Amino acid sequence: MRLIVVGGGVSGLAAAHRAVELARERSRPLELILLEGADRLGGTIQTERRDGFLVECGPDSFLSEKPWALALCRRLGVEDRLVRTDDRFRRVFVVFRGRMHPLPDGFQLLAPTQLGPFLASSLFSWPGKLRMACDLLLPRGGHADESLGAFVKRRLGREALERVAQPLVAGIYTADPDELSLGATMPRFLELERRERSVILGLWRAARKAPALHAGTSGARWSLFVTFAEGMEELIRVLAMRLPPGAVRLKERATTVERADGGWRVTTAGGAAFSGDALILAPEAHQAARLLRYVDPGLAHLLEGIPYASAATVTLAYRRADIRHPLDGFGFVVPQAERRPVIAGTFSSVKYPGRAPDGHALLRIFMGGALNESALDADDAALIDTACAQLAELLGVTSAPFFARVARHPRAMPQYHVGHAARAEAIGLAVARHPGLRLAGGAYRGVGIADCVRSGEEAAEGLTG
């Protein structure tokens, strides 16, 4: 079989690697071509070394409780290169009225599970705490496809939404909770309400049954978040090394896709044409829509309807002595109500080992997202100035950074709005009408690294099974 994969991010690489694995297992010949428009593989995953610091320009980890990325690492033989978080500092701060407040212990994304820390928290008012406690009495309700914002307001109140749910969702999905589909992103909470009625009660019971819930389903060896000792780009390098020689074609941006001789033909911006029996499209959904606009206008329309947000990160290196805050957590999130130009920050050198030399700290600031994309209109120097000003105010940073690295990700964050699950289902049905075609990526059934690995591998399995 001749297989063409368009897109050299983690989804496309996982698809290509899985196709090679299956061909080897089944002793079937495979001719593989992977086309990537950029001059490097990895998409948003990019790691840099600078002056003894390890900088992640994109994702800095993957979830161990979603098994697909960890399983891939095991098959690649690189599990021994993974490192876990330093869980002595496993907490998150929330900026409220200009100060950093720790999220109460036991607070599981949307709701509390431990009474003492919740009652003692300075993050919520007493009326807000009482409103959250009403979840214990409220009946089931809502719609089958409800926004996360509507769900949180209905069950836990506006304060829970504005001070916790919204900033945490912005940190994960760069999304507006009033648009984000709860069923497509966090179906666990819908299921808790259906099964237990009360979200708080359901979370409390689940925690009692599984005290190590946050250790990840992979077992005690791994924390919830896992990364590579040498950075996430190590996964990209290893995947690329496992592909056949000559399979990867960089600087080959696909511009058209068409049916040809019972298979598929892909033409690139440079005029090169590649023909294959099967095709996996693994770029962003809006790019896949452009490629398929003449093959299937209806499918292209569905793909184009998936909105995307843009984001940027600013990574800054400091002497540890120049930061007054104890950095006793993984980072912080910033509610939209605070009206600040940043949405979150990570204490990278605290979260993972080997990110900064002794006596130094590496911090990463996030900007943009669905609720604040205008912040990205500024140039890099302005973004750095903004990040420095915010860190001075929030963390007591007293000096200029040794260096700052800006990474921009335009239209790179798929937004799972209400109705997304139905749209993804319709996309799957439309793709099934085209023999030898599959889509892969974070735009359909999960945005994380593990989800992208699953998407790519399932695409390959669907074509070679």
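Trainee: Leaving aside neighbours within four places in sequence, which residues is Phe62 in contact with?
Mentor: With contact meaning heavy atoms within 4.5 Å, Phe62 touches Ala69, Leu70, Cys73, Leu82, Leu224, Phe225, Val226, Phe228, Met232 and Ile449, once neighbours within four places in sequence are set aside. Bear in mind that this is a predicted model, where local features need pLDDT of at least 70 and side-chain atom pairs count only at pLDDT 80 or more, while totals for chains, interfaces and linings use all residues. Residues are numbered from 1 along each chain as its sequence is written, and side-chain values use heavy atoms, with hydrogens and water left out.

Trainee: And how many residues does the largest nonpolar core have?
Mentor: The largest nonpolar core has 41 residues, and those with the most contacts inside it are Phe62, Leu235 and Ile280. Such a core is a set of buried Ala, Val, Leu, Ile, Met, Phe, Trp, Tyr and Cys residues joined through side-chain atoms within 4.5 Å, where buried means under 20% relative accessible area, exposed over 50% and partly exposed in between, with a 1.4 Å probe and protein chains only.

Trainee: Which elements give two or more residues to this core?
Mentor: Among them are strand 1 (2-6), helix 1 (10-25), helix 10 (233-241) and helix 16 (449-464); helices (H or I, at least four residues) and strands (E, at least two) are DSSP runs, numbered from the N terminus.

Trainee: What does the second core include?
Mentor: The second, separate core has 35 residues, including Phe107, Met132, Leu148 and Leu156.

Trainee: Switching to rings, how many aromatic pairs are there?
Mentor: A search of the whole structure finds four, taking rings of Phe, Tyr and Trp (its six-membered ring) as paired if their centres lie within 6.5 Å, with planes under 30 degrees apart stacked, over 60 edge-to-face and the rest tilted. Phe53 and Phe403 form an edge-to-face pair, 5.4 Å centre to centre with 80° between the planes. That pair links distant parts of the chain, 350 residues apart, with Phe53 in strand 4 (residues 53-56) and Phe403 in the loop between helix 14 (380-395) and strand 19 (404-414).

Trainee: Are those two buried or exposed?
Mentor: Both Phe53 and Phe403 are buried.

Trainee: Last topic: how many disulfides?
Mentor: The count is zero, a disulfide being a pair of cysteine sulfur atoms within 2.5 Å. For Cys73, the nearest cysteine sulfur is that of Cys452, 14 Å away.

Trainee: Why does Cys73 count as buried?
Mentor: Because its relative accessibility is 0%, whereas Cys134, at 31%, counts as partly exposed.
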